[in-house]
Amino acid sequence: MAILEVSDLRVRYVTGGPDVLKGVSFHVDAEDFFAIIGPSGSGKSTLVRCINRLVEPYAGRVTLYGEDVTRMAARQLRRLRRNVGMIFQEFNLVNRMSVMDNVLSGRLGYVGNARSLFRLFPRADITRALELLDRVGLGDFVDTRADKLSGGQRQRVGIARALMQNPKLLLLDEPTSSLDPKISREVMALIKEIAGDFNVPVLCNIHDVQLATEFCNKIIGLQDGTKMFEGPTESLDRKALDEIYAMEVL
Amino acid sequence: MTPSAISATVDRIVSERLKAKAARAGTYLVLLGLVLWSIQVTIIADTDWHRLGSFASVMRAVGRFVGVDFVLVPQLVQPMLETFMMACLGTVLGCFISLPVAWLGALNVTPSKYIAYPMGRFLMTLSRSIHEIVWALIFVSAVGLGSLAGILALACRSVGFISKISAEAIENIDHKPVEAIRAVGGNNFQVMYYGILPQILAVVLGTIVFEWDINIRRSAIMGLVGAGGLGLTFHRQMVMYNYPGVTTVILAILVLILIGEVFSHFVRKAVI
């Protein structure tokens, strides 16, 4: 059953300018680890950001668990966003805060301004944060400042933060592009494992085709804002890749 | 090139350089003329040469300031404390006013680019254009003589610099943490507090300490127009023509500023 439906999504950054997404449609099911691949500038990042409306489409619709995301008002949107965990290419941590504070910031959608101001998160949240940090292998770095960590470690903090939200969907925006090949593989494996444990579907924008085919069960290929391929990973053959990337690939 | 072409080029170069030299010499002459004229109009014409007397008498006049009035020293403790506290409170109050002004005056967070932003920038400029003495005069006539006027005046004068630097720091932030806090469902306050504030805190605190240091000097001067503290003592010594007393007060101000320097050094170390 589809938990996320995207229909005819269109995005442009400047009114009257060229369309970055030209009517993309697809759906994601509950057990999917869904990949969006394509060359640079094809609109992958934009597409992922439309799901939680960090980017506003001007036409089309996104429906998540039956709710129309594209027409939501601000307060509803915040409530939606707290249920959608996002992991970023450049980690997007608050560098001067500790690892614990960064992970706890995943609960900001659930706490009020007063608690946010004094950083008084509920005890249950702190317990869960510690459990998640242990799970991602950062149990010893709880009080370390975020900017003192390596890239792989920072992404793990990002993973823990996203999971603190108890998300119903995980969005990944090129989570491994800033990491070396070995760490990339570890991070993807970790995400897949945890997503499986917590039964969270994943939508992933990735440019490394090998990683996509290794970890994801369904793939769509974008080229210049248009969907050029959609199907299970097994059906992604050489011919399809050439079409998406419009050149010889691997 | 042919010999005639070469000599033609040389002629051209030589004449161009002569023209440039002449232009430069002419400009210097005009500038010199302006300076001499300024000296004539402002110094020579306007100075009371009779009263000045000779070089020796000028030095004697300066010499009258040399010397310390030790009797005065114990009476300076309370005004020194008052000046110091005025500076502290004025800076703190200034911070509270600066934050919203900085928020208005930062292009990336201002609620409206065409109304709020120009207003923020206007307030910053207004604060900095009005000299602290003028601010002191305004508040002395508004709330009366004493430290309150001084504190309010210092606050108003401090807003300009603190909010300007803070606004620039806000404009220079990395947007990625802001995006992350929005993505977890944070509201505007949470985005500000978690996404923006940690990034600008070091710069803002450094600026506040800097401004506090300057405010110590300002607060001493403000007493001259009745805003309390050492300035008042200074004024009293002046009207009594007690020149060593004046020097003593100046030394007291110096001591305060030195204390401020030392404090600043350690606070900066702790904050940055």
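Which strands of chain A does helix 1 lie across?

What we have is a predicted model, in which local features need pLDDT of at least 70 and side-chain atom pairs count only at pLDDT 80 or more, while totals for chains, interfaces and linings use all residues. Residues are numbered from 1 along each chain as its sequence is written, and chains are lettered from A and ligands numbered from 1 in the order in which they are written.

Back to the question. Helix 1 of chain A, residues 44–51, lies across strands 3, 6, 7, 8 and 9 of chain A, and runs at about 150 degrees to strand 8. Helices (H or I, at least four residues) and strands (E, at least two) are DSSP runs, numbered from the N terminus. The axes behind that angle are lines fitted to C-alpha atoms, for helices over the stretch in contact, and angles run from 0 to 180 degrees between N-to-C directions.

Now the sheet itself. It is an open sheet of six strands in chain A, in the order 6-7-8-3-9-10, with mixed pairing. Two strands pair if DSSP finds at least two bridges between them. Strands 6 and 10 stand at the edges with a single partner strand each, so one side of each has no neighbour in the sheet. On average, neighbouring strands are turned by 15 degrees against each other, direction ignored.

Let's zoom in on strand 3, residues 33–37. It pairs with strand 8 in the parallel sense over four bridges, and there A:Ile36 has A:Asn205 as its bridge partner. With strand 9 the pairing is also parallel, over four bridges, and A:Ile37 is partnered by A:Gly221.

Is strand 3 of chain A largely enclosed or left open? Five of its five residues are buried, so the rest of the structure largely encloses it. Buried means that 20 or more other C-beta atoms, placed from the backbone, lie within 10 Å of the residue's own; exposed means 12 or fewer, and partly exposed is in between. In a regular strand, side chains alternate between the two faces of the sheet. Here A:Phe33, A:Ala35 and A:Ile37 point one way, and A:Phe34 and A:Ile36 the other.

Next, the core. A nonpolar core is a set of buried Ala, Val, Leu, Ile, Met, Phe, Trp, Tyr and Cys residues joined through C-beta atoms within 7 Å. The largest one has 123 residues, and A:Val103, A:Leu203, A:Cys204 and B:Ala153 touch the most other members. Its largest share, 13 residues, comes from helix 7 of chain B, residues 147–171. Leaving out residues up to four places away in sequence, A:Leu203 touches several residues, including A:Phe34 and A:Val48.

Finally, how do the chains meet? 22 residues of chain A are in contact with 17 residues of chain B, where contact means C-beta atoms, placed from the backbone, within 7 Å. Helix 2 (74–81) and helix 4 (113–118) of chain A each supply at least two residues of that side of chain A. The side divides into eight nonpolar, eight polar and six charged residues. Ala, Val, Leu, Ile, Met, Phe, Trp, Tyr, Cys and Pro count as nonpolar, Asp, Glu, Lys and Arg as charged, and the others, Gly among them, as polar.

Terms used. Two residues are in contact if their C-beta atoms, placed from the backbone, lie within 7 Å.
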